[in-house]
Amino acid sequence: MNHPAQVSLDSTDSASDPAHRPKQILLNAFDMNSVGHINHGLWTHPRDQSHRFDQLSYWTELAQTLEKGLFDGLFIADITGVYDVYQDNIDLTLKESIQLPSHDPAPLISAMAAVTQHLGFGVTVNLSYETPYPFARRFATLDHLTQGRIGWNIVTGYLDSAERLIGQKGLKDHDLRYAQAEEFLSLCYKFWEGSWQSDAVLKDKQQRIFSDPTKVHAIDHQGQFYQSQGVFQVAPSPQRTPVLFQAGASPRGLAFATQHAECLFIGGDTVANIKAQVEKIRLQAQKNGRDPAAIKIFVGTTVVTAATDAQAEEKLAEYARYASPEAGLAHYSSSVGIDLSRYAEDEAIPYRQTNSIASVNEKFKQLQITPANLKAQHLLGGRYPLIVGSGQTVAEKLIHILDETGIDGFNLTRTVAPESHHDFIRWVVPELQSRGRYKTAYAAGTLRNKLFNQGDLLSTQHPVQAYRCQAAQSDQQQSTAFALDSQ
């Protein structure tokens, strides 16, 4: 059966050369502290448990499940604001729980870290509605409490409803938001990397010196958007800077992401389109003076799997009876800033410049897309590529995508929670492991070391190097430069 939203695949694993050690797949569970996340409407399925999202046990159980499946991380999305563009109200958003209600993801992390040892945690925080100091302090604290398993997904916001909630008149210009992001990040680098030397904390009870005053430095930042003076309150954490995630795909967003991000999320429908985007990212990273391989690239995908292909198809048909393609369309409307309910089912949606997600909106300029097309793509209420089949079939398709496009891994969205993750771990993970394409045990160390196998700290090729107050005692950091002047 050919599904409208399914990735177009026509061959199997191409990495068969025994002299070449095939790349292992990285895997994040992609979720949100809400009922509806990507695949909308499935909260109505009798076996779905996402209505328990406001219970801590729901998250600790999920974290333990993912660690048993050797997932690299749980990536928790977040938004500020509500989806109110479709039909110019939030009626459908409320009825279908389209990321409403949604709760703050950060408080979940400590509880999940307490019941796991290796699972990483990527947390989305919109810097447009934060101030750098308390944010940097919060994430440095989380890095300590998780023993270096925290990451930050950097977003700048795209909802007018969020601006109204915080008392602003409307979204800043798209590129201006990224200019603000640059300064926000530079100030965070100063806090995380520039205030405390790596050996400042002594914990010397006999001499009554907990921290050496000569090795703790005040920062002074006077910029366009932010001003800050003083000493960072948190001593160096295991990673100092959390693992940096980003999903910018517009020209300005891509420039920002390839300069700063360690992990990049991209969308994709066909192997050819994904490969083109990966090549674009790696080329841009190289132009920015970074090693192109220093960025791990993840594609969002939805998997429905079972013991056999036929059973997986039956499960998909069952899920589809509960899904809401219209809720997916409402979500999409806010992503592009266009009320898609105004267009007839077979009417081409015209391109209109907005301040929302530029890379998504561009598709209306390039293609003739109708609401009917979009609903067909939202078979399970979400727009992510869909892979359906037995564990063997899914494993072969994931391997093929990885080998043919140059990506590094996948963000796996949930369908029926937590059933879909249990299914993936039961059916797909063993197939990937039998092909040598998925780990059989976790590596040691922090999330950064697990992902890159190059230590706990950002490399000297990264822009953070300009903000370090002292070289760390490792091969990873060799510069003695200390730059704290404002950007």
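Q147 lies in the loop between α4 and β4. In this predicted model, Q147 has a positive phi of about 60° although it is not a glycine. The chain has 487 residues, of which 55% count as buried, and its secondary structure consists of 16 helices and 13 strands. Among contacts in the chain with a separation of 6 or more, 75% are between residues 24 or more positions apart.

**Backbone geometry**

- Most residues other than glycine have a negative phi, and most peptide bonds are trans.
- Q147 is exposed, with a relative accessible area of 63%.
- K203 is another residue other than glycine with a positive phi, near 55°.
- K203 lies in strand β5, residues 201-204, and is exposed, with a relative accessible area of 59%.
- The peptide bond from L100 to P101 is cis, with omega near 5°; P101 is found in the loop between α2 (91-95) and α3 (108-114).
- A417 and P418 are also joined by a cis peptide bond, with omega about -5°.
- P418 is placed in the loop between β13 (409-413) and α15 (419-434).

- Strand β3 covers residues 120-126, and seven of its seven residues are buried, so the strand is largely enclosed by the rest of the structure.
- In a regular strand the side chains alternate between the two faces of the sheet.
- In β3, G120, G122, T124 and N126 point one way, while F121, V123 and V125 point the other way, and all are buried.
- Strand β2 (residues 73-77) runs parallel to β3 and is joined to it by four bridges; G73 has G120 of β3 as its bridge partner.
- Strand β4 (residues 150-155) also runs parallel to β3, with six bridges between them.
- The bridge partner of V125 in β4 is I154.
- Together, β3, helix α4 (residues 132-145) and β4 make a right-handed β-α-β unit.

**Second largest pocket**

- The second largest pocket has a volume of about 930 Å³.
- It is lined by 36 residues, and the closest to its centre are K296, K450, L451, F452 and N453.
- Helix α16 (residues 447-452) gives the most to this lining, with five residues.
- By class, the lining of the second largest pocket has 14 nonpolar, 12 charged and 10 polar residues.

- G253 is in helix α7, residues 251-260.
- The relative accessible area of G253 is 0%, so this residue counts as buried.
- Residues up to four places away in sequence aside, G253 touches Y178, Q246 and G248.
- G253 and R177 are 76 residues apart in sequence, and their C-alpha atoms are 9.7 Å apart in space.

- V216 is in the loop between β6 (209-211) and β7 (219-222).
- V216 and C469 are 253 residues apart along the chain, with their C-alpha atoms separated by 9.3 Å.

Methods:
Residues are numbered from 1 along each chain as its sequence is written. This is a predicted model: local features need pLDDT of at least 70, side-chain atom pairs count only at pLDDT 80 or more; totals for chains, interfaces and linings use all residues. Side-chain values use heavy atoms; hydrogens and water are left out. On a 1 Å grid over the protein atoms alone, a cavity is a set of points where a 1.4 Å probe fits but cannot get out, and a pocket is an open set with protein on both sides within 12 Å along at least five of seven lines; lining residues have an atom within 4 Å of a point. Grid points are joined across faces, edges and corners, and a volume is the space filled by probe spheres set on the points. Helices (H or I, at least four residues) and strands (E, at least two) are DSSP runs, numbered from the N terminus. Ala, Val, Leu, Ile, Met, Phe, Trp, Tyr, Cys and Pro count as nonpolar, Asp, Glu, Lys and Arg as charged, and the others, Gly among them, as polar. Buried means under 20% relative accessible area, exposed over 50%, partly exposed in between (1.4 Å probe, protein chains only). Two strands pair if DSSP finds at least two bridges between them. A crossover is right-handed if, with the strands pointing away from the viewer, the path from the first strand over the helix to the second runs clockwise. Contact means heavy atoms within 4.5 Å.
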